[in-house]
Amino acid sequence: MRHYLKFTPIVIAVLILLIVVPKWIVDDAYIAFRYAYNWAEFGELTFNAGEDPVEGYTGLLLTLCMTLAM
């Protein structure tokens, strides 16, 4: 009858993870997306198109995958 109670530990675990996980992950995703966008649109692996290339992304594979998807 109270089937929703079996999901309570999962909900609590998710809430704890949202509190503990660092917030910089969102910034990292934005940076990778910006590099991928400029690579796809302008052919330059830079944060700002027209500037000298600087490695500011965390992983090249994620940036490459997003570029190919664009």
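Reader: Is N38 buried or exposed?

Author: Buried means under 20% relative accessible area, exposed over 50%, and partly exposed in between (1.4 Å probe, protein chains only). N38 has a relative accessible area of 3%, so N38 is buried. Please note that this is a predicted model, in which local features need pLDDT of at least 70 and side-chain atom pairs count only at pLDDT 80 or more, while totals for chains, interfaces and linings use all residues. Residues are numbered from 1 along each chain as its sequence is written, and side-chain values use heavy atoms, with hydrogens and water left out.

Reader: Where is N38 found?

Author: Helices are DSSP runs (H or I, at least four residues), numbered from the N terminus. N38 belongs to helix α2.

Reader: How many aromatic pairs are there?

Author: Rings of Phe, Tyr and Trp (its six-membered ring) pair if their centres lie within 6.5 Å; planes under 30 degrees apart count as stacked, over 60 as edge-to-face and the rest as tilted. The count here is 4 aromatic pairs. One of them joins Y30 and F47 edge-to-face, with 6.4 Å centre to centre and 75° between the planes. Y30 lies in helix α2 (residues 24-42) and F47 in the loop between α2 and α3 (60-69), 17 residues apart.

Reader: Which residues do the ring pairs link into a cluster?

Author: The cluster consists of Y30, Y35, F47 and Y57. Y30 counts as partly exposed because its relative accessibility is 46%, and F47 likewise counts as partly exposed, at 28%.

Notes:
Helices (H or I, at least four residues) and strands (E, at least two) are DSSP runs, numbered from the N terminus.
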